[in-house]
Amino acid sequence: MNKVKGMFYLDWKLENYKASIFANGLIYFLGRIPILGKMIPTTMLYREYGLKKAITVIKMILHQLMKLALASLPLVMSYFLANIYQSIFKTELSGFVTWVLLFPMFGSFIGFIYYGLDNKDLQFVTNFRISKTLFLKNNLLLTVLKDLIFILIPLIVVGFIEKKVLLVVLIGLTAKFAFAFMSLFIGVKLTLHSKRVMMKLLFNTLHFVLLMSLVVGLTLANQMAVLSTLFFNYGFVIFLIALGGVFFYLFLNVANFDDYAQQVLVSSQKTID
């Protein structure tokens, strides 16, 4: 329990740090505006800790609301692409099935295998002398958790569209959970490989080819309805829970995570530079 509290406290501290930087930057920007800068000196604004705190809190709230809004975009995009597919190939394809294929089953691997930290994350780790391993593992776990929270409302809306609210929500959450931790575990292993760049590219290319082969094969055979039959059932939910549980355990207990954390920080710094 203490570890869980520590994980959320560290995340809150990071979000507060980022929002504080934004508040200071906004005050500096306002002070650089000729007329406004003369009316309200920057030095006075910097002394207004209540104002800075208010800007920080507003920034944190808006940041979370933006994440909630952005969580809906993949589902909207999936329904748009499904409509285009149906118009071209004259076959039925659910927007939700399209989302499962494109985002949890494929997008998770792109996002987590090539996972990196931004400049503020690196500054936070350095300035507060936080363990790289602890920070990265907390960051990854909370990224998955936040994804699950933010996707919940869009999934409920899709559930009403598909007229299967409970099933859609369960499939969506378990798919995100299972493929996130599968990609995290595989990402650690590929990052620690001596030829990490080539191996990551090879893995994602093969993964993409396999998924496209499945779609093309079912399209040519006019059997795309098989995917809806496969995905829209509680057996698939049970499978995803089992799959996610296995890879969740493997990720938490993966060997050489310290080396992985160090490599991610080095790669992130090189990307920023």
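**Close-up views of a predicted helical model**

View 1. Leaving aside its neighbours within four places in sequence, Lys 176 is in contact with Trp 99, Pro 104, Asp 147 and Leu 148. The model shown here and in the views that follow is a predicted one. Lys 176 has its place in helix H8, which covers residues 165-191, and with a relative accessibility of 19% this lysine counts as buried, because the class takes in values under 20%. Although Lys 176 and Val 100 are 76 residues apart along the chain, their C-alpha atoms are separated by 8.5 Å.

**View 2. The protein chain as a whole, given as context for the close-ups.** The protein chain holds 12 helices and 0 strands, and its elements, read from the N terminus on, run α-α-α-α-α-α-α-α-α-α-α-α. Taken along the principal axes, the box filled by the C-alpha atoms of the protein chain comes to roughly 70 × 45 × 35 Å. Of the 273 residues in the protein chain, 41% are buried, and the chain exposes about 15600 Å², of which carbon and sulfur atoms supply 71%. When contacts in the protein chain between residues at least 6 apart in sequence are considered, 80% of them join residues at least 24 apart.

**View 3. The salt-bridge network of Asp 11, Glu 15 and Lys 146.** Side chains of opposite charge can pair when their charged atoms come close. In this view Asp 11, Glu 15 and Lys 146 are linked in a network of salt bridges. Lys 146 forms a salt bridge with Asp 11, in which the closest N and O atoms are 3.0 Å apart. Because Lys 146 lies in helix H7 (residues 132-162) and Asp 11 in helix H1 (residues 2-32), this pair ties together parts that are 135 residues apart in sequence. Both partners, Lys 146 and Asp 11, are buried. Lys 146 also forms a salt bridge with Glu 15, where the closest N and O atoms are 3.7 Å apart. This second pair links distant parts of the chain as well, with Lys 146 in helix H7 and Glu 15 in helix H1, 131 residues apart. Glu 15, like Lys 146, is buried.

**View 4. The salt bridge between Asp 121 and Lys 18.** The closest N and O atoms of the salt bridge that Asp 121 forms with Lys 18 are 3.0 Å apart. Asp 121 lies in helix H6 (residues 119-127) and Lys 18 in helix H1, so the pair ties together parts that are 103 residues apart in sequence. Asp 121 and Lys 18 are both buried. For the model, the count comes to 4 salt bridges.

**View 5. Lys 137, a buried lysine that has no salt bridge.** Lys 137 is found in helix H7. This lysine is buried yet has no salt bridge, and the nearest side chain of opposite charge, that of Asp 258, is 7.6 Å away; a salt bridge would need a nitrogen within 4 Å of a carboxyl oxygen. With neighbours within four places in sequence left aside, Lys 137 is in contact with Phe 251, Leu 252 and Phe 257.

**View 6. Leu 140 and the largest nonpolar core.** The largest nonpolar core has 68 residues, of which Phe 96, Leu 136 and Leu 140 touch the most other members. Helix H8 supplies the largest share of this core, 15 residues. Apart from neighbours within four places in sequence, Leu 140 is in contact with Phe 112, Tyr 115, Leu 184, Phe 251, Phe 257 and Tyr 260.

**View 7. Asn 204 in helix H9.** Asn 204 lies in helix H9, which covers residues 196-220, and is buried, with a relative accessible area of 6%. When its neighbours within four places in sequence are left aside, the residues in contact with Asn 204 are Phe 106, Phe 109, Ile 110, Ile 113 and Tyr 114.

**View 8. A nonpolar patch on the surface.** Met 77, Phe 80, Leu 81, Ile 84, Ile 88, Phe 89 and Leu 102 form a nonpolar patch on the surface, and together they have about 640 Å² of accessible area. Helix H4 (residues 49-89) gives the most to this patch, with 6 residues. Met 77, which lies in helix H4, counts as partly exposed at 42% relative accessibility.

Methods. Residues numbered from 1 in each chain as written. Heavy atoms only, no water. Helix = DSSP H or I, 4+ residues; strand = E, 2+ residues; numbered from the N terminus. Buried < 20%, exposed > 50% of the residue type's maximum accessible area, 1.4 Å probe, protein only. Contact = heavy atoms within 4.5 Å. Patch = residues over 30% accessible without salt bridge, like charges linked within 9 Å, V, L, I, M, F, W, Y side chains within 5 Å. Areas by Shrake-Rupley, 256 points an atom, 1.4 Å probe, with all protein chains shown as cover. Lys, Arg positive; Asp, Glu negative; His and termini not counted. Core = buried A, V, L, I, M, F, W, Y, C linked by side-chain atoms within 4.5 Å.
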